[in-house]
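Here is a short tour of a protein chain. Keep the sequence and the 3D view side by side as you read.

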Amino acid sequence: MGRRRLKGSCTCFVHWNNLLEENNAGGNPLLREQAENRGSDSAQDPSCVLDPHTSYNHEEIHDGLQETQLPDATHTPSPHHSLCPAAACASQHVCEDSWEEIQSKRAIRVENEVEANKLVNNYRFGFRKWKSHVTARPFEDRSDVVKELYSELNVIKPHSGPGHFITCGNLVYVLLFGWWVSLAYFLVGILMFITVIGLPYGKLCWKLCCYFLWPFGNTIHEIGTTLRRCCEEAPDCECSVETVADSSSVLLPSATEGPAPEVPERPPRTPYWHRLSTYIWLLLGFPPLAVVHSLVCFISWILVFTIPVSKMSAQTVSVILLLPPEDVLLSSSSHLKHQGYETRALLCCYHAANWYYYKYTVDGINVFAVNLLPLVIVALVIGYVDRENQFASSDVKFATAISSIIPLSYYIGMGIASIAAQSNFAVGAVVNATFGSITELTFYITALLRGHRAANPCLQEVVKAALTGTLLGCILFIPGICMIIGGLKHSEQRFNSRSAGVSSALLFISVGGVFAPTLFSKAYGNLVCDACTNATGGNGSSNASGPFVCHNCHYDLKNGTLFRDHIQPLVYTVSALLPAAYIIGLIFTLKTHSHIYNIHVGEGQETVHHGTVVHWSRWRSLLILIVATVLTSACADLATEHIQPILNQPNVSQYFIGVTVLAMVPEIPEIVNGIQFALQNNISLSLEVGRCIAVQVCMLQIPILVFFNAFCDVGFVLLFSDQHLWASIFSVILVNYIFVDGKSDYFQGTALVVVYLILLALYYFAPSPSGC
């Protein structure tokens, strides 16, 4: 890429120093290494000289550089460098062709082969875009911020002084947890003093009472003679040895240190389980404190940003409170005296809150999705047990059921990404095509079945509104919000307009195919109206002249041969052609024209880790996909069962409920993925997130619903209202017009979001469908 012979013309090469500076001077190790290699070669080839003062086409150069940088690299344009001068080459368009090739190159940096497959799949058509890692990243490769998130709170760190701990998060801890946890220890301490036998535990409780009121900067140690053997067998454990004369702080262990100095043996004592005080403590003192710490652990974990408090409570109830009281030593970080016995730090907390805990994951799943998972159990219990709505209303059941779909969608997305990353592209494409739409299809089919059994045509209209709402949200809202957030951080972002054109073309085809039967019916259908009156108050059958006012106008399709002989065959034809176009798109982008995307792992970029740990194996991912699909079906059934009171709201159109709540709630994980890509200056994937879903809605979900209706008549007819028709067509035209230049900023994103909100306002004030 540094030097290329072009059709017999002169050699045109890149000024790699300028290219390096344009890519933030070392932000891309691959470019830096190539620049050094090519730079030495270019000095020996004078056939094509670059004039640093000549002005060239910077947009092409900038595009090529943007697509070559790492996905998570920050890009800062510099408009004064030049790379490929037209004057130095025989033909300028040849150089431009070479830059088009450069523009299509992307180098990705990964830890292992599985992550490489996952990142490559993100750029492939038909694959859901997934941001989270599917493998466990080596802890030593993580940043200090991330390492702090996964700390076990047993590492003593240097600090500037007590004033360092006075932070907003620590003060909030005292208000939310500290005072009543401290009060609980004080009361339990009094109880232990009353028993007399539990006197040692009473003293411990009063010490812990002061500790948990303000634990920051203070340390809880375990002391005992057995720790020397612990350090010898496991040199990395947090052990330390100090004598009375030693005035230094706690020494951290090291595998290279010599043998620890001799310390005095502790006097003999009664074994822990041979004491009566132990059983008094376990019966009277430990249970209430375990309840208190469990409650603190739960609340602080749900709040996410206070997870350090949760870790502190879990460590206390599982370890510290089960130790003999004489083995528990409390000390400040600035002063430690423990009569020469060996110690091990058990708990040392410095901050009660950390804003970066939104990145925290449990087995590869984001902590927010983990916290929402209990909603699934709550929804199933109150939905199937409380049939008479004695403990929860239909509104509460609907809200719980629809919210529980969010974590299930996240688990389904993680399962799809894991299987695709560990398999070839064919298996990945099949898994994405089947399970990628399973959440939405489950809800739609459940709603259609329930509406057919209850003879309720409103649910069919709600399903159509949800389909349209998904299209509008994926075409307008998801790209718009990603462009706003990414543009606020990176000013202007660029993407490969050529690869984006493939998705845009398929989007045009899919939307045109879905709404073709609707346009056909409006061209050849007969408009029938009910309750027509003229200006004089007569009915429609009178011969009075004057304007007529008609209500409930609709196209009469089923009372005749138009629908049966013309529209229905057209619907089946379109439903067969759209999946075929989807398959052709897969073949085009994955096989015959894969160079348009041309994602590869650059040489020297892949770090070899022989012990790669995958969060979910293929079989585990498949099992989770099946379980999540079954639970999604159950939650969708509950949501459709209790949706009627929501639809009966007189002030809210049923169209609005369909295009907002039912359409966008299952797509929340995709919105989060798109925003994360945009923050990392990878706007290409942010835009592909929405378009991928929109294409799957038109080319897979709708045809599946049509063929499902053919085998099991649920009354689903692929004919949309005028509002759905024109809103979708206008959105597709608008978004393709904005994306034509391959650039994005927050203003363009704001335009898309504003248009989306205007369309939502139209749906909000629109009258409900006829018959509802």
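Start with Glu222. At 13% relative accessibility, Glu222 counts as buried, because buried means under 20% relative accessible area. Keep in mind that this is a predicted model.

**Around Glu222**

Arg344 forms a salt bridge with Glu222, and their closest N and O atoms are 2.5 Å apart. Arg344 lies in strand 7 and Glu222 in strand 4, so the pair ties together parts that are 122 residues apart in sequence.

Now look at the strands. Strand 4 pairs with strand 7 (residues 342-348) in the antiparallel sense, over 5 bridges. In this pairing, Glu222 stands opposite Arg344. Strand 4 also pairs with strand 6 (residues 328-332), again in the antiparallel sense and over 5 bridges. There, Glu222 stands opposite Val328.

How many salt bridges does the model have? The count comes to 13 salt bridges.

| Pair | N to O distance |
|---|---|
| Arg344 and Glu222 | 2.5 Å |
| Lys397 and Asp386 | 3.9 Å |
| Arg387 and Glu641 | 3.1 Å |

Take Lys397 and Asp386. Their side chains meet in a salt bridge. Lys397 lies in helix 14 (residues 394-421) and Asp386 in the loop between helix 13 (374-384) and helix 14, so the pair ties together parts that are 11 residues apart in sequence. Both Lys397 and Asp386 are buried.

Next comes Arg387, which forms a salt bridge with Glu641. This pair links distant parts of the chain, 254 residues apart. Arg387 sits in the loop between helix 13 and helix 14, while Glu641 belongs to helix 20 (residues 618-641). Arg387 is partly exposed, at 43% relative accessibility. Glu641 is also partly exposed, and its relative accessible area is 26%.

Some charged residues form a network. Arg128, Glu440 and Glu670 are linked in this way by salt bridges.

Which residues make the nonpolar surface patch of about 710 Å²? They are Val172, Leu175, Leu176, Leu295, Phe298, Ile299, Ile302 and Leu303. Helix 7 (168-195) and helix 10 (276-302) each supply at least two of its residues. Helix 10 gives the most, with 4 residues.

Leu303 belongs to the patch. Its place is in the loop between helix 10 and helix 11 (307-318). With a relative accessible area of 40%, Leu303 is partly exposed.

**Two residues with positive phi**

Next, check the backbone angles. Leu153 is not a glycine, yet its phi is positive, near 60°. Leu153 is found in the loop between helix 6 (144-149) and helix 7. It counts as buried, at 9% relative accessibility.

Val196 is not a glycine either, and its phi is positive at about 65°. Where is Val196 placed? It lies in the loop between helix 7 and helix 8 (199-213). Is Val196 buried or exposed? It is exposed, with a relative accessible area of 60%.

**A kinked helix**

Finish with helix 24, which runs over residues 683-711 and has 29 residues. From its first C-alpha to its last, helix 24 reaches 42 Å, close to the 42 Å expected at 1.5 Å a residue. Where is the kink in helix 24 centred? It is centred on Val697, and the angle is about 40°. Helix 24 is mostly covered, as 24 of its 29 residues are buried.

How values were computed. Residues numbered from 1 in each chain as written. Predicted model: local features only at pLDDT ≥ 70, side-chain atom pairs only at ≥ 80, totals over all residues. Heavy atoms only, no water. Pairing = 2+ DSSP bridges. Expected span 1.5 Å × (residues − 1). Bend = angle between axes of the 7 residues up to and from the residue. Buried < 20%, exposed > 50% of the residue type's maximum accessible area, 1.4 Å probe, protein only. Salt bridge = Lys/Arg side-chain N within 4 Å of Asp/Glu carboxyl O. Patch = residues over 30% accessible without salt bridge, like charges linked within 9 Å, V, L, I, M, F, W, Y side chains within 5 Å. Areas by Shrake-Rupley, 256 points an atom, 1.4 Å probe, with all protein chains shown as cover.
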